Structure formats: structure tokens, C-alpha cells
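The following report concerns the model shown below.

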Amino acid sequence: MVRIFMLSLRRLAITTFDKSQYLLGAHIANWPFEQLMCFFWRRLVSSSSAESIQPTAISHAIAEIPEATKYLASNVKTLGLRDFAEMSAAAHRLLETSDLEALKKKKADGPNPYKLDLVDPAPGPDLFTAFANQPALIAIVERYLGVKARLYEKYVWLDIPLEGEATTTQLWHRDPDDFRGIKIFLHLDEVTEEKGPFTFIPAQHSKKIYGLFGRFRRYATNRRLNDEEMASYIPEEFWVKRMGPVGELVLVDTMACFHKGEKPKKKPRFLFSAAYTSVSPRVEWK
Ligand SMILES: O=C(O)CCC(=O)C(=O)O
């Protein structure tokens, strides 16, 4: 009975939040409102006690993701990330030893055939998970989220050039996973224009069009936009393309910033990525 009551409240909280954001667009999608909603959200839907959502590593954060832009561009050295060389070497070994043709076949009929996963995204006892869970990264993420962070997936991605139109993650979108959430995109090889860089629109520009189309933060009904459509709302001069050498990374709130991976033109892009939400995200991945 209590469970049904809590689930109904959860439903109500989601609907109210989405509806109000949709109707009022950017005006209501501001920090105090989000904080208030997050506060009630976690208390309504989470079985976690208040202590279990407290950030753990926040005091060690050596950098901050600004609230206005909701992204931080940096590199592994500046952020003091450890074990990058080992993680990168392991990723490159995987690239050399993986059966890429078999991976391509496996992905061929799926929604994003161009994105080859070289590791299982689920966190596990491996060095990719350990890299993503290191205190220096968790501290920055928790400082931004304001609550304990959970790594929900990590990726070693090879994005390959394929014929055809841009699709799924190659179109402009925001992620639906939680009210606030961070993804990191870390170069395992130099990223150039022809490899299809990660591209995003900082939050202060993205939020101008939250209320213009689709239902706010709803994956299923959220329209994805091609470049032409996006340019008609937010001019290209506000788009940020992440190109640069090995070890560069960007931490982005992908729930708040429109983003996409450009279609690789000639060469594949090799990237490490990790995604963090609160411990009780609004969308639970299976
Ligand atoms: O491939 C990329 O750079 C972007 C991937 C993406 O859109 C996502 O992880 O949500």
C-alpha cells in the first residue's frame, strides 16, 4: 500500500515537473527550482536515507563545473586524474585485439550502428570502471550534483564513418536520465573535425529552447534535431566542438545541454566516456 502510494507520488512529481518545465520553458528551468524539485524528488522516490545521498568526496574537488554553462573543459593532467596511461593503453589493446567486423555486424541493425562498444557499459571490477570512479572525478561531479554521484555506465567507444544520414546520438538531444547528470568525454586519440567530434551547446544557450518543442526531458517524445533545425533556434557560433589531443576531456551536464556526436567523415573517433547521475535517477536503466 505504502509502495503504491509512493509510486503514485513519484508519477505525480514527474508529470508536474515535466509539465511545468514544458509550459514555462527556460524561465522555470533555473537552479533554485531544480534544487527544490531534486530535494522533494529524492525524498519522495528514494528508499535511500538522507545520509546515503550525501556527497562523499566533494571537499576534494579541484575544479568546478560552472552553474551557468554546466560544462567544464579540461585535461587529465590539470584535473590530476590518475591511471590515465594504463586505462588508455588497455583501451588501445582492446582496439587492436577486438573483432571489429563482428562488432559492426552486431550493431548493424541497431539504432546507432556507427558506435562500437569495446567494453560492457555496466560498471564492474575492471580498470575502466576504476578510472571513472576515481575520487578526483567523483568529487567534481558531486560538487556539481550536490548529492552523491553514481556511475551508471562507462564506455570505450569507436565511432566509425558510415554511409547515410545522421541518426540517434548524431542528432541534437538532451539525455533523460535524471534532473542533473554529468557525462565525461575523454579523448583516447586526437580528435579532429573529420573524426566527428562531440559537440554541445552550453546551458545558458540550450535553456532558451527548452520550452519550444517536445516535452521537457522526455526521452520517448523528445524530438531530436538535425543541424539545420538547431541552427534555426541557436546559431552555430554558440556550438562547442570538442577537438584536441589525447587526454583532453569535457564534463557536461547532458540533461541540460543539447549535444550530439558529429558523424565521422573519414576516420573513426576513439573515446572514453562515463555517465553519472544521482543514486536515485529518474530513469532507471535496465
Ligand atoms: O558520441 C558522442 O559524442 C555523443 C554521445 C551522446 O550523445 C550521449 O552519450 O548522450
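## Strand pairing

Phe200 has His259, in E8, as its bridge partner. The model is predicted: local features require pLDDT of at least 70, side-chain atom pairs count only at pLDDT 80 or more, and totals for chains, interfaces and linings use all residues. Residues are numbered from 1 along each chain as its sequence is written.

Strand E5 (residues 198-200) and E8 run antiparallel and are joined by 3 bridges. Strands are DSSP runs of E with at least two residues, helices are runs of H or I with at least four, and both are numbered from the N terminus; two strands pair if DSSP finds at least two bridges between them. The order E6-E5-E8 describes an open sheet of 3 strands with antiparallel pairing. Strand E6 (240-242) and E8 each have a single partner strand, so one side of each lacks a neighbour in the sheet.

## Ligand shell

Around the ligand lie Asp159, Thr169, Asp175, Lys183, Phe185, Phe198, Thr254, His259, Lys260 and Gly261, the criterion being a C-beta atom, placed from the backbone, within 6 Å. Strand E4 (182-187) and strand E8 (259-261) are the elements that give two or more residues to this shell. E8 gives the most, with 3 residues.

## Glu86

Glu86 belongs to helix H3 (residues 84-97). Glu86 counts as exposed because it has 12 C-beta neighbours inside 10 Å (exposed: 12 or fewer; buried: 20 or more; partly exposed in between; C-beta atoms placed from the backbone). A distance of 9.5 Å separates the C-alpha atoms of Glu86 and Phe128, which are 42 residues apart along the chain.
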